[in-house]
Structure formats: structure tokens, C-alpha cells
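This report describes the fold of a single protein chain from its coordinates.

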Amino acid sequence: IQDLPFAVNVVTSEFIDDFNALEFGETIAYTSNVIGYETISTGYSVRGFEADVQLRNGFRRIGLIDKVSVDRAEVIKGPAASIYGITLPGGIVNIITKKPKAKPEYRLGFTAGSDNLIRAQASATGPAGTSGKLFYRVDVAGEKRDYDMPFKSKEQTTGAVQLLWKISDSTSLHFEVERLVRDETGNASVPFVIATGVADPYRNPTSSGPRTANRYVRLATELIGFNVQGPFNYSKRWVNTVTTTLEHRINSNMSFRSSANWYDREMQRQEVAGRDQYKPNTGRISGANNALFNNTSTGWVPRYRPYGEGGGGWQNDLLINFDTGPVKHKLLVTFDYQRMEETPAQFLAATAQLPSDVATFGLNVNNPNYTYVTYDENPAVYSTVQQDEKNSVDVYGLFLSERAFLMNGRLTVMAGGRFDYVDHHAISFRPSASNTERQEDSNTYQVGASFNLTPRLTAYANMSTSFVPQFGTGRNSDGTLFDVPPETGEGWEVGLKASLFESKLNLTTAYFDIVREGIIRPVTDPSSGQIYDTVSGKEGSKGVEVDFNWVLSREFQFFGAYGWTDTSVIDHREARHLIGGSTRRTPEHTAGLGLKYDFKSGALKGLYFTAGYKYNSESLINPSNGRNLTASASNPVLNKRLPNGLLINPDMPEGAAMTTGAYRVDDGREAIYNDAFQTVDAGVGYRWKTSKRYNHRVQFNVTNLLDEVYTFGSAGQGQNTGYSFTYDLRF
């Protein structure tokens, strides 16, 4: 890591255990510019760009992890992360799993805590048989918990089996199969407050007064602790994964690795669409698909959304070490294949499946009636098929990367390039049938260098690009289809890496500048409620980050991170009011500081303490593509400046009355943020041995010690003070 010309952060399994980090967001909370989203979601962002895909041992993984089998989490930042193939330009998280061991080792763990938390896990590893060549590992875990929000809960079970065959001293074959099932209920966000009858600045007034519109004015923080979805909302997910890896050292200078992966993932989601508008004067929550000048919420419908995903890949790496005079080289040649499949669908029920008072007036927060006919109860009533697709993407990639070590190893120069050939196949069954195929290719590169200013201080710099092909086809507002362009990214960074005080203090600091283009976004037409797609244009992110780990003594470890991220929408042709604003769910400032004090000797030997502090500045929640204004001779649209200073129509004079066309303007959501928040965690534990073989550990953790009330991500509700007690046995 010290010599790589790009930033890599590592979160160890020891940290995950010490802080009892059961959620993905808790795992990465002390890494700069990496933000976890809603409490029971594994979505996240790196350097201001969102992602819902991780890697698992270098292969694509769409969320769903469990700490029982995690050895470490590596965060590879910037477009340089494309060494792993398809990667968003901010970077990616790669989960590295634990591997079989040569010596027998067993582990049992139990956790109980607040919100009815209960968890059990077990692991076993060691030789399989007496040959000395075959080794195994088994990891299983089960977890169940509730949340502060009513009706919100999760259940998760995990099982993984591994076999490692050391065929010879230079050859090994590894096989792994894993299944993870996660069921969630009642997941919901805090709604926005909407004001009706607001004077419309983009329309001429009538003789009786100004024309009015609806406007989002703030987040309904008074509803923190209220569930807008209710007990019938659920998300059921499972994933199966199989991976096989062959490693062979050809000679002292050459090695080969071939790894194949297959995964199958399914999600089934039941919810009510559009419960995101709260009117304090009526105490009702209404839907977003309507003009909503009254208390009506006819835009609401129950919906069922199954979403299957799958695919796999094959990676072949040839690593060659050689010298040319005094210059040492490492050449990596990779051929990889990746297949991604998705089967998104969406089935809508009629508004009549809701209680009549809810369908007419909205959900009463003082006396909520959550009942409605679910898909499980009667699939026949979900007769409106809004989406039914089967899409696939096949990517064939060739990657060449050269690292040269000059000046007796003080200077490392890196140059690499990828060629990707992509075959798309998109099938849409409803609402209109289509079957399209297309091909595209892309060349991406990475160049960089690191220089040892001193034996303990390294300066580095890099430039790189990224490429992300998109699933399926886009749908225009008139229902016609269009080919979705790939997302591309380009960025550069400079930084310093230090390993000081006999490697007790390790620090990385960097400045980065990244641009992302070709982003497709779903847009809802306010007048019709129809969803169509738009390519939003360009987003940028630049910032500074610092990560450090300081072992002050054998007993005392201090670590943390600070990130400043300045993000902006550079271009958005369909929603000009968003230009200049930040990307969603990205705090400008983040910080995390943690410590561990571990008594290594004396009467208190085995006792340890942990503490952590996390801070997020305010973050934009979910800016919309605005509201649609249709111009006519009798009701023109005035070409005024939007809140960001841009004209609605840059091709017309300011103040002009536009009598034809449709225009998008702001609706208030582009200015509504999660408030800044800070949380404090603490823990205490004790370790001891019995019979020279059994290692015991008891641990007590408290999260959000100061009981901070906050929202984050897409206005997800943060957890109040929570506690957990853990007992762990290794032998």
C-alpha cells in the first residue's frame, strides 16, 4: 500500500469485532470520504459518487455481507479502482473473506442487545483428513433485530463452506460456496413537508390573484419515529455465490491465477408508492404522483417489485517479474469476462386496494390505517405491469499494467490500460414489447508514480479513467426507446503516504478531482405520473482526505479520518435547476476518530476500552428533476432565473413569455438537506484464557452514546442509543 500510486484504505476484522460493526455503514465509518446510506442498506458513496455494488474477493457483489466471514474490507479510491474492471469513478469497496487455515481453529460467538438484537455465529477451520494437502473452513451466522422506527426489523442468516487443496508447493485450488438470506420489514424514510397554494414565480398572475403551485419546504423532522410505510412493507433478499480459484507459481519470476465466480441474487419488495409528502395543517401524508392541490392522494398505489440479478465472471492473471539492467519490473496481464443479468419488474395494484379514507385524504399520522391488499394475499389485483424486463451485459476485458522500480526502488512508475468489449441484450415485455442488442467498446487507462522522498515518506500522483456499461434501454417520455450510453469517469489525484516513528504512525493524505459523465436517471412526469429516463449529463467531485493509524504504545492505538468533498452537478440538460448543486447524500465534511486502549500486562491485563466519534455535515437528501411547466398562449411560462441563477431557457431573453413547449423548474427538494450530526460510541471488553487453549472474550458496546437524533442518506432515521453484549470463544 505504501508504494502504490493511488489511495487504498483497509478496515480489519479486528476493528469490526472491537466496535461490533454489524452494518456495512458502521464498518466504513472511519474511512475518509466513504459514506454509508440508510441503516439497513448497503448502498454507499466514495468521493461523492454513489454506488450499490461492492466486490467480494474481486468479483461483483450487490450488497449483502456478514462479518462472520470477513477478513478485511479494502477501499480502492478513484477511477484507478478500474484495475478490477467495471468500477464507478469514485472507487469501490472490496470485501476480502477469511481463508482456510492449516491449524485447527474454532470460534463461537453470541451477541444480545437493545432493540431485541440477538446474534449467533460459529466458524471452524483446519485440515480435512490426514493428507496435509486439504483444508476446510465453515462460517455460519444468524441475526435478528428491531429498530427504533415502529415495524422496522431485519433477519439475516449466512452460511459459507470453503475447501483449499494445496496440490503442490506451487499450486493450489480453492473452492467456496456461500448463501446469505436477508429479510427486512418496515423500511421507510422521513417525508418532506409540502406547502400548497404557493405563488408560482414562473407564471403570470390572473385577475383574481397569482397562479399557485405546490412546493417542498423542509424535512418533516417532527415525524422522526413515525413509519410512513407500515408493517406490510418488506424487502426479501437472498444471494448464492460460488467461487473457484486456481493459483500456480510457474517459477520464481512468474505466477498465474485463474478464478471463476457465479452468483444469483433475488429481491422482492412490497411497498406503497409515493408516501413522501406531509401536510402539517391536515396531519396527512400524501403521494408524489399528483398535483395535490387538495388533500387527495390518488397518486398512491400499492406496488410489488421483484428484482432478480445474477451473473458471474472469470479472471485470469499472469504476473511476471523481470529486470532490465538496474530497473525492476512487474508486468500484470489480465483477461477477464464478466456477465451481469437483471430481471426488474414492477406490478401496481389499483388505488381501491387501499382503505377508502387513505386513498381519498392520505395517511393520518395520528391514527394511521396501514392496511391494504398485498401481493402475497392476492397477486391478481396487481394487474398493472409498469415494468417487466430481462437484460444482460457481457463484458470481455484485457488489462495490461506495468510497474517499473527505478533509482534503487525509490521511484515507482505505473502505466496500465484496459480494453473492454461489451455485448448488451435488452428485452422488455411490458408496457411495450421490445428486444434489442447492441455492442460497444471502451479503452481506459491509468498512469501514476510514487517517489520515496525519505525512507518513510512517499509522494504519489495518478491519472485514470473508468467505464461503466448500463443495463437495458432508456425510455423517452413518449414511450420510445433509446440506447443508454455508458457512464465514464476521469480523475487525478496527488498525495503523500507516511510511515513514521518506526511504522507506528501510518498516514495517507490526498487531493483528488474527478468527473463522471453519462448518468441515467429515472424521472417522473408530474402531470401523468409516467416514469421515463434521462441522461443527466455530468457531475464533478474534488476534495481532500486524511486517514491515519497511530500505535502510540503497545497498549494505545489512535486512528481516524477526515474528508472534505466538494461535489457539483456540472450539466443536467433535463433539470437545469440542479446545475451547481451538490450530489445527493454527500456531506461536504466527514470525520471519524477512534481509539483502543488494551492493557497488555499487570493486574488489568486483558482489559480493553474502545471509543469512537463520527461527524457528518449536512447532506442533500433527494433532489428531484423538478416540476414540469407546459406553456400555452393563454398561460405562458416566464423565462426567469432559477434559484441557481440560470435561465429556464438559455436560448430566450430573460423575462420572455414562452407560449409553447414544456420546461422543468425547481420544486424545493433541491434545497432540503439532512442536518449535520455527530455520534459517539464506546466499548469495554475483557479477554482471558483457560486450559491454555480456550480464549474467552466478553465485550459491551454502546452506540450513539449521546442519543443524537438525526437523519442521513435519503432521510433515513438514525438509531438512538443502543447497546450490545458479546461473548466470544476461540479454541
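Five strands make up an open sheet with mixed pairing, in the order β1-β7-β8-β5-β6. The edges are held by β1 (8-12) and β6 (59-61); each has a single partner strand, so one side of each lacks a neighbour in the sheet. From one strand to the next the twist averages 30 degrees. Strands here are DSSP runs of E of at least two residues and helices are runs of H or I of at least four residues, both numbered from the N terminus. Two strands count as paired if DSSP finds at least two bridges between them.

The model is predicted: local features need pLDDT of at least 70 and side-chain atom pairs count only at pLDDT 80 or more, whereas totals for chains, interfaces and linings use all residues. Residues are numbered from 1 along each chain as its sequence is written, and side-chain values use heavy atoms, with hydrogens and water left out.

A second open sheet has three strands in the order β2-β3-β4, with antiparallel pairing. Its edge strands, β2 (34-36) and β4 (49-51), each pair on one side only. The twist in this sheet averages 25 degrees from one strand to the next.

Strands of a sheet pair through backbone hydrogen bonds, either parallel or antiparallel. The table lists antiparallel pairs of this chain.

| Strand pair | Bridges |
|---|---|
| β1 and β7 (residues 70-77) | five bridges |
| β2 and β3 (residues 44-46) | three bridges |
| β10 (residues 117-127) and β11 | 10 bridges |
| β11 and β12 (residues 153-168) | 13 bridges |

Individual bridge partners can be located in these pairs. Gly 126 has Tyr 136 of β11 as its bridge partner, while Arg 145 is partnered by Lys 154 in β12.

Strand β11 (residues 134-146) has one covered and one uncovered face. In a regular strand the side chains alternate between the two faces of the sheet. The covered face of β11 includes Phe 135, Arg 137 and Asp 139, and the uncovered face includes Leu 134, Tyr 136 and Val 138. β10 and β11 form a hairpin with six residues between the strands, where Gly 129 takes a positive phi near 90 degrees. The hairpin of β11 and β12 also has six residues between its strands, and Phe 151 in the turn has a positive phi of about 75 degrees.

The protein chain contains three helices and 47 strands. Its C-alpha trace spans about 85 × 55 × 50 Å along the principal axes. The radius of gyration is 27 Å, in agreement with the value near 27 Å for a compact globule of 731 residues; this radius is taken over C-alpha atoms, and the globule rule is 2.2 Å times the number of residues to the power 0.38. Of the 731 residues, 52% are buried. Buried means under 20% relative accessible area, exposed over 50% and partly exposed in between, with a 1.4 Å probe and protein chains only.

Phe 335, in strand β21 (residues 327-348), is partly exposed, with a relative accessible area of 38%.

Notes: Axes fitted to C-alpha atoms, helices over the stretch in contact; angles between N-to-C directions.
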